[in-house]
Amino acid sequence: MKELIDRIIVQQLGHDPQTWPMTQGLYLAAMLAVGAALTTFGAIFAGLLSWWERRIAARIQSRVGPNRVGPQGVLQFIADALKLILKEDLIPADSDHILFRIAPYFVMVGFILTFVVLPFGYRLSPTNMNVGLFYVVSITALVVVGILVSGWASNSKWSLFGGIRAAAQVVSYEIPAGMAILVPIIMSGSLNMHDIIRAQGGAPWDWFMFQTPWGYAAFFILFTAMLAEGNRTPFDLPEAESEIVAGYNTEYSGMRFGYFFLAEWGNLWVMSAVLSTLFLGGWQVPFVSMARLTAWEAAGHVPLWFYIASAVIFVAKVLVLINIIVWIRWTFPRIRVDQMMNLCWKYLVPIGLGLVILAAATELISFQWFGEAAKGQARVGSIRDTLHFAFFLIAGLVPFAAFVLKTRRNIYLVGDRVDLTNW
Amino acid sequence: MALDQLVMTKFGEGAGEEMILNMGPQHPSTHGVINFVVHADGEVMHKAVPQVGYLHRAIEKIGEIVTYPGFMPYTDRIDYLAAMFANEGYALAVEKLLGVEVPPPAQYLRAISCELNRIASHLISLGSMAMDIGAVTPFPYALRERESINDLLEALCGARLTYNYHRIGGVAFGMADDWAPLCRKWLDHFDRILDEWDRLISFNEIFIERLAGLAVIPLEMGIDYGLVGPNLRASGFEYDLRKAHPYGAYPDFNFKVPIGKAYAGAHRGGQVGDTFDRFYVRVLECRESVSIVRQALDKFPAGEFMAKVPRKIKPEAGEAQSRIESARGEMAYYVVSDGGERAYRVRARTGSFLAMGIIEELSKGLMIADLVALIASLDVVAPEIDR
């Protein structure tokens, strides 16, 4: 971001950023513009996702879903937001007024601030923070503060249940999430989002998910933990409608209620972007090797199509992950509080710890045996690539094919047929 | 006043340990207007005391005010999810008073309509149970099939929810010629849907884990509390009025009575009479009902659908009792006549009311999420509890 503005100052405006008095002002303006753009993006994306999720849910449940406002109901979220804004902002008389009012903002801030480091494509991120991943993990913790505060401040027993469940759940699942995040960090040797992506490749077998069994397992652990942190089914205990009415947002109405949902849907993007960055190669474009990219960078000219292609690929990966999360929500039942805790502490944490040790040991051994120089050698490289490819076939394609066949079979068994036209 | 002080003063010394939580009467998963006073210590309940009576409409009293045929539409309101059974039970009781013999086609139509209604009722029960566990999708699937049943029943009797189909001495309308093929077509379709249902939710690992070994009702306890129907059969007792005391056309049909067999599997902690058994027994009963409807359509006899009943029904003084196997278990009517046009006393005994009694005992030590599953598994329906 800073380099870009510096370049604009030098090339377009003809000043030296070190000495030009307006530099700081321009920085501030750019920060505000980017902040506004990202907040808007977050809000609009969350809104669109609310429509998209309802459409998918409707299709899964053989309903139609919202299709009245705008073409195919795309603008439904605007109608919803308008309705929520116009509603009375009801604050229960016995609630803790100040905390009740600010709780949704904690949730929103925890979600919006993650965009500071999240990449959207090659070099497309507001900052290139060297502790980017650490920043995401810590800033998302604000969300649980908001949920806990809202649960307490509502002065409703259902809200309190929701808030406490959320606190217990999110705090627990941050541990396996942290362990799983450590695996790609060890594999890439960096906390920087872009460096982690650069350590992977464009083809699926170059992704961290399919490079090693521990990377593969870490993906699923992180995926599960992220579902739990985002309060998505099967971990939607904090807002379990059938048990505790609506959980922490029982007493909320109007736009404050809307903020919780905005953050929840927006968090899907955050989750999926982090997963895609860490395990699915991020913005890496297939058939463009890192060697070629570094050559372009050395020459000082990366073609525009690469920027666009990388952004498209990143967004596509994110959308696929979001769709999977939505499918899961509309398929699975909810687990119980004790089962949720068991899963975390008895399974995910020990397995995560084992994966971290495995990943660290492998890196150490390969470093000890081959040294940094051997990594670049053609023979070692080709053996490694073959292994990665074989693992991708076993762990990636086989389950995918099984999934497709099973889905097909289930559709045909009820006398239905595969039909994508009846939206 | 601080909250804990308030609790102390309101509920006495030592009550501060417990959180008293009013679950209902407007709660998403109390299955109607029922209130549960939950004494909870965090997520774990000490007990949940059901409070009934929010939906009491004095239906039995109405039975003493209106004429015998005039009470039939009111019986629909006793159990709106399985109105056919409430119809049939009352009709059987008054027929006994009158000494009327119901012609075979009417008996067959009663069996067909009741079994279809049983499937519809079980679908609601199974679907809402899945929804209470957090799986939203099975519920619309169940409702979709129930809509088809409603279509069929509408074609048969003109109503979709409160049928008022059974009459004293027979049924209101005969079966149209093209109705049987429609019904058969739907039954073939429904067989596949039941398989899909099992794949979708019954055999879902999370679902089974949630329900296995939960709120086990041992057989003695079930009998002590007077449980009936699928709730009792899930505890392993093969007692079905259609077999034990056959009525109507049921002696003509071949069917099994599914009982609980720890379907969740021992390795998951499944026990006979646990919540999953109560769920799965209902799925199996749907299959049996499909088979009964098929047999009834195959063997459908010729003849009248209404017996000769006087226009003004005035039974001789006396009393009669009828028992039928409703979707929620044994439903009994007790009708006393004083020789007039109106019943002297009408009493309905329904399964849900007794099932409510067992909740307080079973809820000790359960979690709040489990209470929801327990209520759903007992398949209680608020109007049937209160009448």
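Axes are lines fitted to C-alpha atoms, for helices over the stretch in contact, and angles run from 0 to 180 degrees between N-to-C directions. The model is predicted: local features need pLDDT of at least 70, side-chain atom pairs count only at pLDDT 80 or more, and totals for chains, interfaces and linings use all residues. Residues are numbered from 1 along each chain as its sequence is written, with chains lettered from A and ligands numbered from 1 in the order in which they are written.

**Exercise 1.** Determine how helices α6 and α7 of chain A are placed relative to each other.

*Solution.* Helices here are DSSP runs of H or I with at least four residues, and strands are runs of E with at least two, numbered from the N terminus.

Step 1. The axes of α6(A) (residues 141-153) and α7(A) (residues 157-188) come within 7 Å and cross at roughly 160°.

Step 2. Angles over 145 degrees count as roughly antiparallel, and α6(A) and α7(A) are therefore roughly antiparallel to each other.

**Exercise 2.** Describe the residues through which α6(A) meets α7(A).

*Solution.* Step 1. Contact requires C-beta atoms, placed from the backbone, to lie within 7 Å.

Step 2. Among the residues in α6(A) are Val144(A), Leu148(A) and Trp152(A), which meet a set in α7(A) including Leu160(A), Ile164(A) and Val171(A).

**Exercise 3.** Describe the fold of chain B.

*Solution.* Step 1. Chain B holds 15 helices and 8 strands.

Step 2. Along its principal axes, the C-alpha trace of chain B spans about 70 × 50 × 35 Å.

Step 3. Of the contacts in chain B with a separation of 6 or more, 70% join residues 24 or more positions apart.

Terms used
Contact = placed C-beta atoms within 7 Å. Parallel < 35°, antiparallel > 145°, perpendicular 65-115°, else oblique.
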